[in-house]
Amino acid sequence: MENSELLSCYKSILPLRHNDKLLNASICISKSPLDLLRIKTSIFLHPKEQAYFNTLQYPKRQHSYLLGRYCAKQAISSYMQNECMTSSWIESGVFHQPIVYSSFPSDVQVSISHTNSLGAAIAFPEQHPMGIDVEIIERKHLDAIRSQLTAAEQQMATLFAVDESLFLTLIWTIKEAIAKALKCGFTIPFEILEVGEIRGREGVYEWESSFKLFQQFKARSFVLDQAICTLVFPKGTDLHLDIAAIAPIVCGNRSGDRT
């Protein structure tokens with residue numbers, strides 16, 4: 001058994017069809033505990049990342065950092081078809097966007113998200129921008145999220161047939177993910193990221209969304225345990241994601257590899 005198999009994760013290649021082009025991305029989602037991640041840092045952290053990790057004093061920050069890096073390295077190595085996760089490292093750009101450096105030439109880009117207990121990352125080609133965000137559904141953040149909604153989004157909230165905490169977390173992840181796809185983060189006014197429409201099927205906690213201004217993108221969201229995960233990608237792309245396969249592996253604390 002490989003060391004990485006002791007860490008709980010869902011990993012999968014995502015085929016992308018954009019018009020007549022066939023591309024690939026790779027996704028990884030993990031709920032591995034801090035003690036296990038600490039033990040296994042040598043299998044996924046580059047020496048530069050290990051040096052930074054050694055400066056982190058608080059367990060909560062250590063956990064979120066390792067979750068994010070572990071997911072990112074799994075996604076990158078899968079995308080590059082390179083098993084050595086320590087051959088690449090990630091630094092922050094001027095807008096805190098992740099920049100991938102590697103010992104091997106590649107066009108790989110990465111988007112990373114993490115909560116206190118759940119990490120997610122997607123690796124994708126430079127020609128096909130994407131973003132990912134994952135957020136725990138927590139009532140303590142609802143007032144802050146509500147204050148950032150546009151009038152149209154507030155109206156949408158009153159009509160949405162789910163719990164308000166779920167809706168507000170959903171719309172937050174959609175905005176976070178588009179901000180990451182644009183590589184600007186929240187350095188622009190929130191209203192520019194306004195969600196145009198959210199469509200879902202009754203009784204199924206999956207949604208597809210559009211944007212009022214950034215109409216060249218769309219979002220796909222789903223519930224994962226007590227969290228919501230959103231992927232943003234170009235509107236013309238067909239993306240197959242086996243959502244039903246993710247929850248039993250990540251939330252059931254089993255390792256899975258769908259590559």
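Entry 1, pocket. I take a pocket, on a 1 Å grid over the protein atoms alone, to be an open set of points where a 1.4 Å probe fits, with protein on both sides within 12 Å along at least five of seven lines; lining residues have an atom within 4 Å of a point. I join grid points across faces, edges and corners, and I take a volume as the space filled by probe spheres set on the points.

The model is predicted, so I require pLDDT of at least 70 for local features and 80 or more for side-chain atom pairs, while totals for chains, interfaces and linings use all residues. I number residues from 1 along each chain as its sequence is written, and side-chain values use heavy atoms, with hydrogens and water left out.

I looked up the largest pocket and found about 660 Å³ of space in it. Its lining has 30 residues, and Ser92, His96, Gln97, Pro98 and Ile112 lie nearest the centre. Helix 2 (47-53), helix 3 (59-80), strand 3 (88-92), strand 5 (108-114) and helix 6 each give two or more residues to this lining. Strand 5 gives the most, with five residues. Helices (H or I, at least four residues) and strands (E, at least two) are DSSP runs, numbered from the N terminus. I sorted the lining by class into 13 nonpolar, nine polar and eight charged residues. Nonpolar here is Ala, Val, Leu, Ile, Met, Phe, Trp, Tyr, Cys and Pro; charged is Asp, Glu, Lys and Arg; the others, Gly among them, are polar.

I searched the whole structure and found eight aromatic pairs. Rings of Phe, Tyr and Trp (its six-membered ring) pair if their centres lie within 6.5 Å; planes under 30 degrees apart are stacked, over 60 edge-to-face, the rest tilted. Trp172 and Phe186 have ring centres 5.3 Å apart and planes at 70 degrees, so I log the pair as edge-to-face. Trp172 is in helix 6 (residues 164-181) and Phe186 in the loop between helix 6 and strand 8 (195-200), so the pair ties together parts 14 residues apart in sequence. Trp172 is buried at 19% relative accessible area, whereas Phe186 is partly exposed at 31%. Buried means under 20%, exposed over 50%, partly exposed in between (1.4 Å probe, protein chains only).

I also logged Tyr205 and Trp207, with centres 6.1 Å apart and planes at 50 degrees, so this pair is tilted. Trp207 is buried, at 6%. Ring pairs also link Tyr52, Phe53 and Tyr65 into a cluster.

I placed Tyr205 in the loop between strand 8 and strand 9 (206-211). Leaving out residues up to four places away in sequence, Tyr205 touches Val162, Leu166, Ser221, Phe222 and Val223; contact means heavy atoms within 4.5 Å.
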